[in-house]
Structure formats: C-alpha cells, structure tokens
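These are my notebook entries on one protein model. I set down what I looked up, topic by topic.

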Amino acid sequence: MTQLVSQLKRVYWESTAGCNLRCIHCRRLDVLDKPDPNELSTEQAKALIDEVATFGRPVFIFSGGEPLVRQDIFELAAYAKAKGLPIALATNGTLVDEVLARRMKDVGIYYTSVSLDGSQASTHDFFRGAGAYEKTLLGMRYMQEAGIKVQVNFTVTKMNVQEVPKVYEITRQNKCIALYLFLLVPVGCGVQIADDQMLTSVEVENWLKWVAKKDQEGPLPLKAICAPHFFRVEHESLGKEDAEIPSDRKGCLAGLHMCFITHKGDVYPCGYLPLSAGNILTQPFRQIWDESGLFRSLRDSSLLSGRCGACDFKDVCGGCRARGFYAYGNVLAEEPYCIYEPQRENARPA
C-alpha cells in the first residue's frame with residue numbers, strides 16, 4: 001500500500017447551478033437560468049462553512065454555475081470570512097461592475113479566478129457566447145481596481161491551443177496574478193465537444209513542454225491544471241532526469257487535498273469527477289472526508305491500474321482520475337492522454 005498523506009487545502013463549493021452564460025464546455029449539462037430551489041439554503045450553507053472551518057484554514061472557493069447569481073452570496077462570503085477562512089470566487093466576470101467589485105472586496109473576497117478562453121473575442125465568444133469577451137475583460141479590470149487579485153483560467157482545446165502564448169501576454173499585461181491552463185476534461189457539455197476539441201496525447205505532451213519552459217522563464221506564474229503528467233514532463237524536459245522523483249502528490253489532488261461540493265450537498269473528489277462520496281445533508285462533512293471509500297482509494301497510489309499503476313511518477317502525478325473514469329469507467333484507470341510508457345511491469349490490470 002502507498003497511502004498518500006491527505007490534508008484538506010481547498011474546498012470548491014458549487015454555490016448554485018444558475019448561470020447567465022451557456023458555455024459549450026461547461027462541466028454541467030443542466031445549467032439553469034436561475035438558482036435551483038433545491039440548492040443548499042443559507043443556513044445549510046453556513047453549517048457547511050462551520051464544518052470546513054474545523055479543518056483549519058482551507059481556501060473556500062465559491063464556484064458555480066455563476067456564483068454571483070446567488071442572492072445570498074455576499075452574506076455567505078462574509079460569514080466564511082468571519083470564520084477565518086480565506087475566501088475566493090470563481091466567476092465568468094461578465095456580471096461584475098464597479099459597485100459589485102467593491103462589494104466583493106468589502107465582504108472579504110481577496111482572490112478571483114476568471115475564465116478567458118481565447119486571445120480574441122471570436123474565440124472566447126465561440127465557447128461562452130456573443131459579447132462575453134469584452135464583458136469579461138471589463139469585469140477583471142473592475143475587480144483589480146477594487147483591490148482583488150485576479151487569476152485567469154483558460155481551457156485548452158484544439159481550437160484555442162495556438163492562442164495560449166497570446167493569452168499569456170494578455171494576462172501579464174493586465175497585471176493578473178497567474179494563468180492557469182486547464183486541459184479539457186470530457187464531462188458535462190464537454191463530452192459533446194470532446195471528439196472535436198480534445199488534444200491528442202502527442203499534442204498534450206508538446207503543450208506541456210511549452211508550459212514547463214515558459215514557467216521557468218517567467219515572470220507570470222503559469223500552471224497546467226487537470227494535466228497531472230505535467231510534473232513528469234517538467235522533470236524530463238528541464239534536465240532533471242537524474243534527480244530524485246518527488247514522492248508528494250503535485251498532480252491530481254482530487255480527494256487528497258481538495259474536494260468539490262455540489263449545490264445540493266454531494267461531495268465529489270473534484271468538479272470533473274461526478275462520483276459522490278456522500279452528502280453533507282445526511283452525513284458530517286468530516287466523516288465523508290476521512291472515511292469515504294472513494295476518497296481512501298484515491299489516496300492509495302498502489303491501486304492505480306494500467307500504465308499509471310506501473311509508472312515511477314504515480315505518487316507525484318497520479319493521472320487525471322476524471323479522464324481515466326470517462327475513458328474506462330474506472331476511477332483508478334490509467335490517464336488516457338499521457339504518452340509515457342513506464343518501464344516496470346508491475347501494473348495492476350486495467
């Protein structure tokens with residue numbers, strides 16, 4: 001058994017399924033025009049925040065949908081802040097004006113991630129709808145002027161991968177904190193565009209090599225997300241072959257250092273892996289985190305199968321558990337978009 005040390009560092013809460021956009025690569029299929037009447041109530045959400053606060057100071061991220069369509073979002077943000085939690089917000093940015101940005105800052109939101117999926121309006125709006133690009137850039141500026149740190153999230157697809165260097169420059173020129181590059185995961189609406197928009201494993205490898213090189217050059221912090229094999233690529237491409245392979249997980253953190261809680265209270269390993277480990281309305285959150293069989297299996301790298309199970313990098317990488325699940329129906333299956341062929345032959349059957 002190779003049991004990895006788990007520590008809750010980030011909780012993503014899908015505060016609402018309501019959203020003002022209809023993005024074609026959304027992790028959800030059932031995006032709503034307004035909040036779901038069955039979503040956690042204000043009091044239920046506060047009880048969740050109380051439980052999360054017992055873990056210390058994990059970052060509590062208000063996600064969605066679009067969290068800004070939830071009417072009590074500022075009340076809940078202020079409550080989480082009062083409980084001592086660092087609070088952040090994941091938004092598409094299109095609803096943010098000067099007044100809203102100042103209000104966000106006043107309730108304690110110190111950090112936001114904003115989705116930008118192209119270096120030009122035609123690309124971004126292809127994914128997110130007409131007019132979204134200009135509104136997103138304006139929302140980013142308002143939040144920065146209010147003193148809120150802004151991180152750019154970019155979902156990498158066949159259509160926009162060539163625009164990554166330009167988006168890097170846009171992010172840097174707009175004085176954003178970091179650029180997080182997400183490799184598309186076939187979930188929700190993303191399933192419908194996966195055949196056309198997923199990079200091949202060779203294309204992923206080349207893209208990750210660029211990320212590793214660019215991140216070393218700086219000055220803007222750059223991260224490959226939902227691409228845990230980046231850490232193997234980084235190790236190889238930056239001349240670290242003779243260095244010891246790290247034994248702490250830096251790749252897939254699902255169920256290990258983070259989790260995702262839906263608007264109805266189901267606890268998932270991450271937002272792209274919709275397998276429930278339990279529901280906070282029927283079971284204490286800490287019990288789910290500590291005792292769930294699903295989470296425990298994700299923390300044991302010896303259970304990984306296929307190439308991931310045989311890989312020297314399995315502790316630091318772990319492979320994307322969501323893509324393994326969607327490709328093979330097995331949450332512990334090998335990462336299908338990794339080109340690496342491990343030398344050892346001690347893998348569990350796929």
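The entries below cover the sheet, the cores, the aromatic rings, one lysine and the cysteines.

**Entry 1: Ground rules.** I note that this is a predicted model, in which local features need pLDDT of at least 70 and side-chain atom pairs count only at pLDDT 80 or more, while totals for chains, interfaces and linings use all residues. Residues are numbered from 1 along each chain as its sequence is written, and side-chain values use heavy atoms, with hydrogens and water left out.

**Entry 2: The sheet.** I took helices (H or I, at least four residues) and strands (E, at least two) as DSSP runs, numbered from the N terminus. Two strands pair if DSSP finds at least two bridges between them. In what order do the nine strands of the open sheet stand? I read the order as β7-β6-β5-β4-β3-β2-β1-β8-β9, with mixed pairing. The edges are β7 (222–225) and β9 (267–268); each has a single partner strand, so one side of each lacks a neighbour in the sheet.

I then looked at β5 (residues 149–156), which pairs with β6 in the parallel sense over six bridges. Val156 stands opposite Leu183 in β6. Helix α6 (residues 164–173) lies across β5, β6 and β7 and runs at about 150 degrees to β6. For such angles, axes are lines fitted to C-alpha atoms, for helices over the stretch in contact, and the angles run from 0 to 180 degrees between N-to-C directions.

**Entry 3: The cores.** I used "buried" for under 20% relative accessible area, "exposed" for over 50% and "partly exposed" for in between (1.4 Å probe, protein chains only). A nonpolar core is a set of buried Ala, Val, Leu, Ile, Met, Phe, Trp, Tyr and Cys residues joined through side-chain atoms within 4.5 Å. Which members of the largest nonpolar core touch the most others? Of its 91 residues, they are Phe60, Phe62, Trp207 and Phe285. Strand β6 (residues 178–183) gives this core its largest share, six residues. A second, separate core has six residues, among them Val316, Cys317, Cys338 and Tyr340.

Leaving aside residues up to four places away in sequence, Trp207 touches Val156, Val161, Val164, Leu181, Leu183, Ala224 and Ala227.

**Entry 4: Aromatic rings.** Rings of Phe, Tyr and Trp (its six-membered ring) pair if their centres lie within 6.5 Å; planes under 30 degrees apart count as stacked, over 60 as edge-to-face and the rest as tilted. I found eleven aromatic pairs in the whole structure. Trp13 and Phe60 form a tilted pair, 6.3 Å centre to centre with 40 degrees between the planes. Trp13 lies in strand β1 (residues 10–14) and Phe60 in strand β2 (residues 59–63), so this pair ties together parts 47 residues apart in sequence. Trp13 is buried at 1% relative accessibility, and Phe60 is buried at 0%. Together with Phe62, Trp13 and Phe60 form one aromatic cluster.

**Entry 5: A lysine.** Is Lys46 buried or exposed? Lys46 is buried, with a relative accessible area of 15%, and its place is in helix α1 (residues 42–53). Lys46 touches Glu75, Leu76 and Tyr79, not counting residues up to four places away in sequence.

**Entry 6: Cysteines.** A disulfide is a pair of cysteine sulfur atoms within 2.5 Å, and by this rule I count zero disulfides. Cys270 is in no disulfide, and the nearest cysteine sulfur, that of Cys226, is 6.3 Å away. Cys270 is buried at 13% relative accessibility, and Cys176 is buried at 7%.

Note on methods: Contact = heavy atoms within 4.5 Å.
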